[in-house]
Number of protein chains: 2
Amino acid sequence: MNEKTTETGAGRRELLRARLIDIAQETIAAQGLAGLKARDLAAAAGCAIGAIYTAFDDLDELILRVNARTLARLETALDRALGDAEAEQALQVMARTYLDFARAEEPSWRALFEHRLPPGAAPPQWYVDARNRLFNRLDAPLSRLLPGTGHWAREAFARTLFSAVHGVVALGLEEKIAETPPKLLDDQLEKLVRIIADGLMMESARLI
Amino acid sequence: MNEKTTETGAGRRELLRARLIDIAQETIAAQGLAGLKARDLAAAAGCAIGAIYTAFDDLDELILRVNARTLARLETALDRALGDAEAEQALQVMARTYLDFARAEEPSWRALFEHRLPPGAAPPQWYVDARNRLFNRLDAPLSRLLPGTGHWAREAFARTLFSAVHGVVALGLEEKIAETPPKLLDDQLEKLVRIIADGLMMESARLI
DNA sequence: TCAAAAAATGAACTATGTTCACGACCTGGT
DNA sequence: ACCAGGTCGTGAACATAGTTCATTTTTTGA
C-alpha cells in the first residue's frame with residue numbers, strides 16, 4: 001500500500017493545493033510576482049491548467065496564500081529578534097529586522113505590496129487576520145515604551161510606526177536607477193528610529 | 001488657412017503625442033493605471049492602435065510621461081504650500097500637503113508607485129530628473145531646520161523623511177479592508193512629524 | 001508633378017487568465 | 001464484484017491584453 005505516492009480520497013485535492021502553493025512560493029521567491037504564470041505553474045505541478053481552478057478560485061487566492069506564508073515568516077523573524085532584545089532597543093531591533101527580511105526575501109516581500117485585488121474585491125478574512133497579527137507584534141514592545149497610553153492610541157501609532165519604517169525600506173530598496181547604498185540605508189533607518197524614539201521620550205516628558 | 005484643425009508637417013506627430021498623453025492622464029486619473037488600455041486609448045484619440053507605437057516606444061513610455069506630469073503637479077502643490085509657511089512648520093506643511101495631494105489625486109498618485117518597468121529596463125533620464133527634483137524640494141526647508149549639516153547628510157535624510165511620510169500615507173490610504181479613518185490618519189501623520197521634529201531638536205541639542 | 005520617405009492602419013501574433021464540455025475516476029450501496 | 005452518480009482533471013477554446021508588420025495613405029522635397 002503505497003499511500004504515499006498515490007494518495008486517494010478527500011486528501012487528494014488538499015495535496016494539489018499544497019503542491020501549487022509550494023511551487024508558487026518558490027516561483028515568487030525566485031522571479032517575483034510577475035514571474036507567476038498559470039501555464040508554467042501547471043507544468044511544474046504536473047497538472048492541467050484547469051486543475052488550478054479546481055483547487056483555487058483564481059490566481060489571486062493562490063497569491064494570497066503565498067503572501068500569508070511570507071507574513072508568517074516575517075512574524076517569526078520579528079519574534080525571534082525581539083525575544084533577545086532590551087525593551088528600549090525594541091524599536092531599533094524591529095526596524096532592522098524588517099529591513100533584513102526585506103533584503104533577504106525581496107521578491108516575496110515585494111509581492112506583499114505589489115499584489116492588488118480586482119477593484120471592489122475584499123480580501124478574505126483569514127488574510128486580514130494574518131496582516132493584523134503582524135501589527136499586533138508591535139503593540140507589546142510599544143506598550144513597554146509608552147506606559148499609560150491607551151490601547152487605541154497605541155494600536156494606531158504602532159501602525160503608523162510600521163508604515164514609516166516600511167516606507168523607508170520600500171523606497172530605499174527601490175532600484176529605479178541606483179538603489180540606495182546598503183550601508184547608507186542601514187544608517188538612515190537607524191537614525192530615523194533613534195530620532196523617533198527621542199521624540200517619543202520628549203512627548204512623554206511633556207506629560208509629566 | 002486652418003492650421004488649427006489640420007496641422008501638417010513636423011508638428012503632427014507631436015500633436016498626437018500630446019493628445020495621447022492627455023487622454024492617458026485623464027484615464028489614469030479616473031480609473032487608475034489598470035484602466036489604461038491600448039485599444040480604448042486609440043479609440044478615444046481617434047487613431048489606430050498602431051499609431052500609439054509611432055508616437056511612443058510602448059505604453060510604459062506613455063505612462064512615464066503621465067507620471068512626470070503628476071510629479072510636476074505634486075511639486076507645484078509643495079511649492080505653493082511651502083511658500084507661505086514658517087520655517088519650523090515646513091515639515092508639517094510638507095507632510096500634510098503630500099497627504100492632501102494623495103487624497104485629491106489618488107489614482108494618479110498611486111500610478112507613480114504601482115507602475116513597474118520590465119525587469120532590467122532603466123527609466124529614462126528625464127524621468128529620473130523629475131523624481132530628483134521632487135526630493136530637492138525638501139532640501140531647502142531642511143537646511144533651515146538643520147543648519148550645520150552637510151549637503152550629503154541633508155540630502156540623504158530628506159529622502160528618508162520623504163519615505164517615512166510616504167509610507168504612512170500609502171499604507172493609510174490602502175483600503176484592503178477598511179481604510180484608516182481620515183481624521184485618524186491626519187492626526188497620526190501630524191503626530192509622527194511632530195515627534196520627528198522633536199527628535200531632531202534633541203539631536204541638534206546634543207551636539208552643542 | 002511625382003517619386004521617395006514617413007506615418008497611419010488594423011489584422012494578426014503573442015501572451016495571459018479563465019471557462020467549460022467531456023471523459024476519467026473515485027465512492028458507496030447492493 | 002459491480003454499477004450508478006457524483007466529483008475531479010483535462011486541455012482546447014475563449015476573452016483580453018500589448019505589440020508587430022505588410023500594406024495603404026499621406027507628406028515631403030526636388
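Q: In this predicted model, is the crossing of helix 8 of chain A and helix 9 of chain A right-handed or left-handed?
A: Helix 8 of chain A passes helix 9 of chain A in a right-handed crossing. The term right-handed is used if the near helix is turned clockwise from the far one by less than a right angle.

Q: Which residues make the contact between helix 8 of chain A and helix 9 of chain A?
A: Helix 8 of chain A contributes A:Phe157, A:Leu161, A:Val165, A:Val168, A:Val169, A:Gly172 and A:Leu173. From helix 9 of chain A come A:Leu185, A:Leu189, A:Leu192, A:Val193, A:Ile196 and A:Leu200.

Q: Why are helix 8 of chain A and helix 9 of chain A called roughly antiparallel?
A: The axes of helix 8 (residues 151-173) and helix 9 (residues 182-207) of chain A cross at roughly 160° and come within 10 Å. Angles over 145 degrees count as roughly antiparallel, and the pair is therefore given that label.

Q: What describes the packing of helix 8 of chain A with helix 10 of chain B?
A: The axes of helix 8 of chain A and helix 10 (residues 182-207) of chain B come within 10 Å and cross at roughly 65°. This crossing is right-handed. The contact involves A:Ala156, A:Phe157, A:Thr160, A:Leu161 and A:Ala164 on helix 8 of chain A, and B:Leu184, B:Gln188, B:Lys191, B:Leu192 and B:Ile195 on helix 10 of chain B.

Q: Why can it be said that the copies meet through the same surface?
A: Of the interface residues of chain B, 100% are also interface residues in chain A, so the surface is the same.

Q: What span should helix 9 of chain B have, and what do its end C-alpha atoms give?
A: Helix 9 of chain B (residues 151-173) has 23 residues, which at 1.5 Å a residue should span 33 Å. Its end C-alpha atoms are 33 Å apart, so the two values agree.

Q: What makes helix 9 of chain B mostly covered?
A: In helix 9 of chain B, 18 of its 23 residues are buried, that is, under 20% relative accessible area.

Q: Why is A:Arg73 called partly exposed?
A: Buried means under 20% and exposed over 50%; A:Arg73 has a relative accessible area of 25%, so it is partly exposed.

Q: Where is A:Arg73, and which residues does A:Arg73 touch?
A: A:Arg73 lies in helix 4 (residues 59-83) of chain A. Not counting residues up to four places away in sequence, A:Arg73 touches A:Gln25, A:Phe101, A:Glu105 and A:Ser108.

Key:
Residues are numbered from 1 along each chain as its sequence is written. Chains are lettered from A and ligands numbered from 1 in the order in which they are written. This is a predicted model: local features need pLDDT of at least 70, side-chain atom pairs count only at pLDDT 80 or more; totals for chains, interfaces and linings use all residues. Side-chain values use heavy atoms; hydrogens and water are left out. Helices (H or I, at least four residues) and strands (E, at least two) are DSSP runs, numbered from the N terminus. The expected span of a helix is 1.5 Å times one less than its number of residues. Buried means under 20% relative accessible area, exposed over 50%, partly exposed in between (1.4 Å probe, protein chains only). Contact means heavy atoms within 4.5 Å. Axes are lines fitted to C-alpha atoms, for helices over the stretch in contact, and angles run from 0 to 180 degrees between N-to-C directions. Angles under 35 degrees count as roughly parallel, over 145 as roughly antiparallel, 65 to 115 as roughly perpendicular and the rest as oblique.
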